[in-house]
Amino acid sequence: MLLRSALHVLGTSGWHGLTHRAVEQHADVPHGSTVYYFGSRDGLVDALVDHICTADVEDWTAARADLAATLARQEDPTGDLVDLLTRQLVSDRARLLARYELFLEGARRPDLARHLTERGLAIRQFLVPVVTALGSTDSTADSDLLAALLDGLLLHELVGPPATAIEERRDLASAIARTLRAVVPSRSSEIRPSSPH
């Protein structure tokens, strides 16, 4: 409950709004609860990184069956990736905003950057089969690149002009298709378009 509240506070109020008192007020718990469970603010932040990354892994795990089936049919995985990213934009916007707040703070704090990098490795593993199916000759490097580009697309959708869900899906579909061709150009043109979702 405290971590969900911390995620909400960070996602809506930003890094400077993330205080013990703000989290406790949102969670409606007694003063001192965050110190009791997490100690310092750094302890709260470390736990929040784990919480967000665990939720991301759960999202990718839930999407993995559809993605694997699409790749097994040698179809374009764009639709599956669009579904996943659209859900994050629409249903869990606060978590997405909180993640980018952590990324920005990580640029100033090497210890936080290391923690984010270590936990992010699990997410990148889900992209290895995608780039492999597209013909990658270096799946580790290409999955890292694809993860970075997908993060950039999400950030662009977050800070860009307001759009409807249909517009977001269309923009993401076009951008992801182009991104996949750019990351692994050798075979991606041979992948058949997937069925509409």
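Visitor: How do H6 and helix H7 (residues 110–125) pack, and at what angle?

Guide: Two packed helices are described by the angle between their axes and the distance between the axes. In this predicted model, H6 and helix H7 (residues 110–125) pack at about 130°, and their axes are 7 Å apart. That angle makes H6 oblique to H7.

Visitor: Which residues of H6 and H7 meet there?

Guide: From H6 you get Leu102, Phe103, Glu105 and Gly106, and they meet Pro110, Leu112, Ala113 and Leu116 in H7. Sorted by class, the contact of H6 with H7 has six nonpolar, one polar and one charged residues.

Visitor: OK, on to another pair. Where do the axes of H6 and H9 come, and how do they cross?

Guide: The axes of H6 and H9 come within 11 Å and cross at roughly 115°. That makes H6 roughly perpendicular to H9. As for handedness, H6 passes H9 in a left-handed crossing.

Visitor: And which residues of H6 meet H9?

Guide: Arg93, Leu96, Leu97, Arg99, Tyr100 and Phe103 are the H6 side of it, while H9 brings Asp151, Leu154, Leu155 and Leu158. The class count for H6 with H9 is seven nonpolar, no polar and three charged residues.

Visitor: What about H4 and H5: at what angle do they pack?

Guide: About 160°, with the H4 and H5 axes 9 Å apart. Angles over 145 degrees count as roughly antiparallel, and H4 and H5 are therefore roughly antiparallel to each other. H4 passes H5 in a right-handed crossing. In H4, Asp56, Asp59, Trp60, Ala63, Asp66, Leu67 and Thr70 meet Asp80, Leu81, Leu84, Arg87 and Gln88 in H5. By class, that H4 with H5 contact has five nonpolar, two polar and five charged residues.

Visitor: Now the inside. How many residues has the largest nonpolar core, and which have the most contacts inside it?

Guide: In soluble globular proteins, nonpolar side chains tend to be buried together. Here the largest nonpolar core has 28 residues, and Trp60, Leu127, Val130, Leu146 and Ile176 have the most contacts inside it. Elements giving two or more residues to this core include helix H4 (41–72), helix H5 (78–91) and helix H9 (139–159). H9 supplies the largest share, six residues.

Visitor: Let's zoom in. What is Leu146 in contact with, leaving aside its neighbours within four places in sequence?

Guide: Leu146 is in contact with Leu127, Val130, Val131, Thr179, Leu180 and Val183, once those sequence neighbours are set aside. There's also a second, separate core of 22 residues, with Val9, Ala27, Leu44 and Leu112 among them.

Terms used. Residues are numbered from 1 along each chain as its sequence is written. This is a predicted model: local features need pLDDT of at least 70, side-chain atom pairs count only at pLDDT 80 or more; totals for chains, interfaces and linings use all residues. Side-chain values use heavy atoms; hydrogens and water are left out. A nonpolar core is a set of buried Ala, Val, Leu, Ile, Met, Phe, Trp, Tyr and Cys residues joined through side-chain atoms within 4.5 Å. Buried means under 20% relative accessible area, exposed over 50%, partly exposed in between (1.4 Å probe, protein chains only). Helices (H or I, at least four residues) and strands (E, at least two) are DSSP runs, numbered from the N terminus. Contact means heavy atoms within 4.5 Å. Axes are lines fitted to C-alpha atoms, for helices over the stretch in contact, and angles run from 0 to 180 degrees between N-to-C directions. Angles under 35 degrees count as roughly parallel, over 145 as roughly antiparallel, 65 to 115 as roughly perpendicular and the rest as oblique. A crossing is left-handed if the near helix is turned anticlockwise from the far one by less than a right angle, and right-handed if clockwise. Ala, Val, Leu, Ile, Met, Phe, Trp, Tyr, Cys and Pro count as nonpolar, Asp, Glu, Lys and Arg as charged, and the others, Gly among them, as polar.
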